[in-house]
Amino acid sequence: MKKIQLPLQTLNLVVGFMVWVLISSLVPFMTEDIHIPAGSIAILTAIPVILGSILRIPLGYFTNLYGARIVFITSFILLLFPVFYISEASSFVDLMIGGLFLGIGGAVFSVGVTSLPKYYPKEKQGFVNGLYGVGNIGTAVTTFSAPVVATQIGWSLTVKVYLILLLIFIALNIFLGDRKEEKMKTPIMEQIKSVYKNEKLMVVFTILFYYIWLLCRIYGLLTQLPRF
């Protein structure tokens with residue numbers, strides 16, 4: 001059971017990322033049936049990214065509490081609702097609401113990176129997380145395959161195909177997920193304190209926020225330049 005967790009969780013990540021980019025991959029087809037305001041496509045495709053980034057923190061925490069099996073199963077069950085909702089969408093607002101919750105697909109990344117190191121010694125954890133990261137290929141799978149399928153059966157049915165994929169992986173995790181995964185019940189506040197007390201991490205965060213601020217300043221200056 002332990003040996004199968006790496007391939008299983010990597011495939012889970014592939015599926016999560018496939019679902020995550022559904023709208024951005026099919027938006028050219030959706031615009032044929034749904035009016036999307038000019039300039040709003042970028043917002044529509046960015047919405048799943050926002051929730052996908054934010055939810056990675058609680059999903060990593062819950063993985064320590066309940067194990068990857070429960071978190072993956074719960075995530076995929078929750079994804080069934082926005083995927084079906086998007087397949088029946090008839091307005092831009094429908095796509096925005098469904099797209100917001102597609103972010104769960106991107107957030108499952110933190111499940112594997114929290115769970116898999118428990119099964120391997122420290123000297124192998126970097127390699128294992130690297131293999132798990134291959135699951136990012138899910139975005140490419142949907143980007144290339146979904147439009148091809150949509151040309152044959154339409155975008156709505158194409159989205160519904162992902163419901164079958166999610167159901168398959170819910171079943172796989174129920175039967176193959178590790179029920180005996182080591183759990184960690186460290187209070188979340190203690191974990192937060194351990195992060196901000198780590199000097200190396202704080203340096204990284206400081207540099208990151210500095211570059212974000214710098215990029216915002218550059219963008220602000222560029223928007224103020226005269227246009228010819």
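This is a predicted model: local features need pLDDT of at least 70, side-chain atom pairs count only at pLDDT 80 or more; totals for chains, interfaces and linings use all residues.
Leaving aside its neighbours within four places in sequence, Asn12 is in contact with Phe72, Phe76, Phe169 and Asn173. The place of Asn12 is in helix 1, and with a relative accessibility of 0% this residue counts as buried, because the limit for that class is under 20%.

### The chain as a whole

The protein chain holds 12 helices and 0 strands, so that, read along the sequence, its pattern is α-α-α-α-α-α-α-α-α-α-α-α. Of its 228 residues, 40% count as buried, while the chain exposes about 13,300 Å², of which carbon and sulfur atoms supply 72%. Among the contacts between residues at least 6 apart in sequence, 82% join residues that are at least 24 apart.

Helix 2, made up of residues 22-30, is mostly covered, with 7 of its 9 residues buried. Which residues of helix 2 are buried? They are Leu22, Ile23, Ser25, Leu26, Val27, Phe29 and Met30. These buried residues pack against helix 1 (5-20), helix 3 (41-54), helix 5 (68-87), helix 6 (92-107), helix 9 (137-153) and helix 10 (155-176).

Apart from its neighbours within four places in sequence, Ala68 is in contact with Gln9, Thr63, Val111, Ser115 and Glu181. Ala68 and Val108, which are 40 residues apart in sequence, are 9.5 Å apart in space from C-alpha to C-alpha.

The structure holds 5 aromatic pairs. One of them joins Phe72 and Phe76 in a tilted arrangement, with 6.0 Å from centre to centre and 35° between the planes. Both of these residues lie in helix 5, where they are 4 residues apart, about one turn of the helix, and both are buried. Phe72 and Phe76 are also among the contacts of Asn12.

A further tilted pair is formed by Phe109 and Tyr132, whose ring centres are 5.9 Å apart and whose planes stand at 35°. Phe109 lies in helix 7 (residues 109-115) and Tyr132 in helix 8 (residues 122-133), so this pair ties together parts that are 23 residues apart in sequence. Is each of these two residues buried or partly exposed? Phe109 is partly exposed, with a relative accessible area of 23%, whereas Tyr132, at 0% relative accessibility, counts as buried. Elsewhere, Tyr61, Phe62 and Tyr66 form one aromatic cluster.

| Pair | Centre to centre | Angle between planes |
|---|---|---|
| Phe72 and Phe76 | 6.0 Å | 35° |
| Phe109 and Tyr132 | 5.9 Å | 35° |

### The second largest pocket

Rolling a probe the size of a water molecule over the atoms shows where empty space is left. The second largest pocket has a volume of about 170 Å³, and its lining consists of Leu55, Pro58, Leu59, Phe62, Tyr66, Ile70, Val71, Thr74, Ser75, Leu78 and Ile104. The elements that give two or more residues to this lining are helix 4 (56-66) and helix 5, and helix 5 gives the most, with 5 residues. By class, the lining has 9 nonpolar and 2 polar residues, and no charged ones. Phe62 and Tyr66, which belong to the lining, are also members of the aromatic cluster with Tyr61.

### Phe101 in helix 6

Phe101 is found in helix 6, and, with a relative accessible area of 41%, this residue is partly exposed. Leaving aside its neighbours within four places in sequence, Phe101 is in contact with Leu51, Leu79 and Pro82. The C-alpha atoms of Phe101 and Ile47 are separated by 8.8 Å, although the two residues are 54 residues apart along the chain.

Methods
Residues are numbered from 1 along each chain as its sequence is written. Side-chain values use heavy atoms; hydrogens and water are left out. Buried means under 20% relative accessible area, exposed over 50%, partly exposed in between (1.4 Å probe, protein chains only). Contact means heavy atoms within 4.5 Å. On a 1 Å grid over the protein atoms alone, a cavity is a set of points where a 1.4 Å probe fits but cannot get out, and a pocket is an open set with protein on both sides within 12 Å along at least five of seven lines; lining residues have an atom within 4 Å of a point. Grid points are joined across faces, edges and corners, and a volume is the space filled by probe spheres set on the points. Ala, Val, Leu, Ile, Met, Phe, Trp, Tyr, Cys and Pro count as nonpolar, Asp, Glu, Lys and Arg as charged, and the others, Gly among them, as polar. Accessible areas come from the Shrake-Rupley method with a 1.4 Å probe; for residues, only the protein chains shown count as cover. Rings of Phe, Tyr and Trp (its six-membered ring) pair if their centres lie within 6.5 Å; planes under 30 degrees apart count as stacked, over 60 as edge-to-face and the rest as tilted.
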